[in-house]
Amino acid sequence: MEVLNKRWEMVYRWLLSYIDKNKFSGNHKLPSENALCRDLKVSRDTVRLALEQLEREGLIYRVRGSGTFFDRETALSRELYTGTTKVKIGMILQGQDGDAESQLIKGVRSVLTEEQMDLRIFLTDNKFSNERRCLQTVVHQHFQGFIIDGVKASMASPNLDCYKAIQRKGIPMIFFNNYYQNLHCPKAGVDNAASAECLIDLLLKAGHRHIAGIFLYDNHQSIEKFQGLFATLQKHGIEFQDDYIKWCISNEAHDDHFAGAVWKFLKSVPRCTAVVCCNYRVYRLVRQVLADKNKRVPEDYSLVCFDYSGENLEAEDVTCSVYQGYKITRQVTKHLIKMIHQGKGNNQDYSLVIPPEIHIGSSIRVL
């Protein structure tokens, strides 16, 4: 019975953490009982004990035929999963790439374990409204620091007032990947211009001149990658062609219905021999579109990808820059800890840029 108690308490704590992470996102549904049993390696009785406790606390409710959901207002009105650790840090993520998110969290926790700090994770779904509600809530919850991936960061954010309120409280913030240019905060990420130069150079050396690209216009990283592509073509004296670039917003790139627009774009540039994908999600979408149309990589289209975050790189063997989320957030966390301990606030000296890691695969055909 003691073992059972420990197991249901473990499931209970896991679910509290899941609710805490998702209470600012659009996802209010808990994983199914079968998924919890499989992923947490516990029995159905153990899962049900944890769910019954959450239901008694008013945190969850069940909808016959649909599943179990958590009550957002209840979750927002209480402190969840309060620990006894010394320092409380918030991590605000877009939450649209599970593989990348996992790397980021592992990087932070690899440092936080040693420092005995409490990490709270919040997902925004890359929506301004979710980000605002998150910021308005957490600013009053005694956080000592924040690690943030900005929402639609290349656009004028309506939430800068919330960030400035955090700054006025003297709470340090570090942005990684996507940052707001109007905020004077440290930022960290990969050198996207260098990544672009490496990948485009490989295509040019293989003889490709008609290179298409798919980029996100609301993502700061994607803008930097596009600028790197443009600069590399210019350096080699190759004329840039606007028609060879497909611009989209982040939410489109995470929607399988966008596949039709991708294929329409590729058909509109019939001389295209190579496609540059601005992130892993876009790459997966393009790869699926080509497979559905019986097009082969690299025989019909060569592909390169920025920030490959999947777990099967060796098997897929695409030429890409490798996502370095673990490495980045590990360094970011160390910097944030220094800022907290030294009372530095938001000091630009804590920014960092790391060089790209390039994997040369078999996805480029030599013309």
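Predicted model: local features only at pLDDT ≥ 70, side-chain atom pairs only at ≥ 80, totals over all residues.

His 359 sits in strand 14, residues 358-359. Residues are numbered from 1 along each chain as its sequence is written, and side-chain values use heavy atoms, with hydrogens and water left out.

Back to the histidine. Is His 359 buried or exposed? His 359 is buried, because its relative accessible area is 15%. The cut-offs are under 20% relative accessible area for buried, over 50% for exposed, and partly exposed in between, with a 1.4 Å probe and protein chains only. Which side chain does His 359 meet in a polar contact? That partner is the side chain of Asp 317, at 3.0 Å. A polar contact is a pair of N or O atoms within 3.5 Å; within protein, one must be able to donate a hydrogen and the other to accept it, and residues adjacent in sequence count only if both atoms are side-chain atoms. Setting aside neighbours within four places in sequence, His 359 also has contacts, among them Leu 313, Val 318, Cys 320 and Val 322. Contact means heavy atoms within 4.5 Å.

Next, a tyrosine. Tyr 308 belongs to strand 11, residues 302-308. Its relative accessibility is 2%, so Tyr 308 counts as buried. The side chains of Tyr 308 and Glu 316 are joined by a polar contact of 2.9 Å. Beyond four places in sequence, Tyr 308 touches several residues, including Tyr 280, Tyr 283 and Tyr 323. Leu 313, Val 318, Cys 320 and Val 322 are also among the residues that Tyr 308 touches. For a distance in space, take Ile 214: it is 94 residues from Tyr 308 in sequence, and the C-alpha atoms are 15 Å apart.

Now the loop between helix 12 (280-292) and strand 11. Pro 298 is in that loop. The peptide bond from Val 297 to Pro 298 is cis, with omega near 10°. Asn 294 is placed in the loop between helix 12 and strand 11 too. Asn 294 has a positive phi of about 60°, though it is not a glycine. Buried or exposed, then, for Asn 294? Asn 294 is exposed, because its relative accessible area is 68%.

There is another positive phi to check. Asp 125 has phi near 60°, and Asp 125 is a residue other than glycine. Asp 125 is in the loop between strand 4 (117-123) and helix 6 (128-138). With a relative accessible area of 19%, Asp 125 is buried.

Asp 125 leads us to Ser 25. Ser 25 is in contact with Asp 125, and also with Arg 72, Leu 123 and Asn 130, leaving aside neighbours within four places in sequence. Where is Ser 25? Ser 25 lies in the loop between helix 1 (2-22) and helix 2 (33-40). Ser 25 counts as buried because its relative accessibility is 0%. Its side chain reaches the backbone oxygen of Asn 22 at 3.0 Å.

On to helix 6. Its buried residues are Phe 128, Asn 130, Glu 131, Cys 134, Leu 135, Thr 137 and Val 138. Their cover includes helix 4 (72-76), strand 3 (87-93), strand 4, strand 5 (145-148) and helix 7 (160-168).

Pro 172 is in the loop between helix 7 and strand 6 (173-176). Pro 172 counts as buried because its relative accessibility is 4%. Pro 172 and Val 282 are 110 residues apart along the chain, with their C-alpha atoms separated by 33 Å.

Last, the whole chain. There are 14 helices and 14 strands. Buried residues make up 54% of the 367 residues. Of the contacts with a separation of 6 or more, 75% come from residues 24 or more positions apart. The C-alpha trace spans about 65 × 50 × 35 Å along its principal axes.

That's the tour. Thanks.

Terms used:
Helix = DSSP H or I, 4+ residues; strand = E, 2+ residues; numbered from the N terminus.
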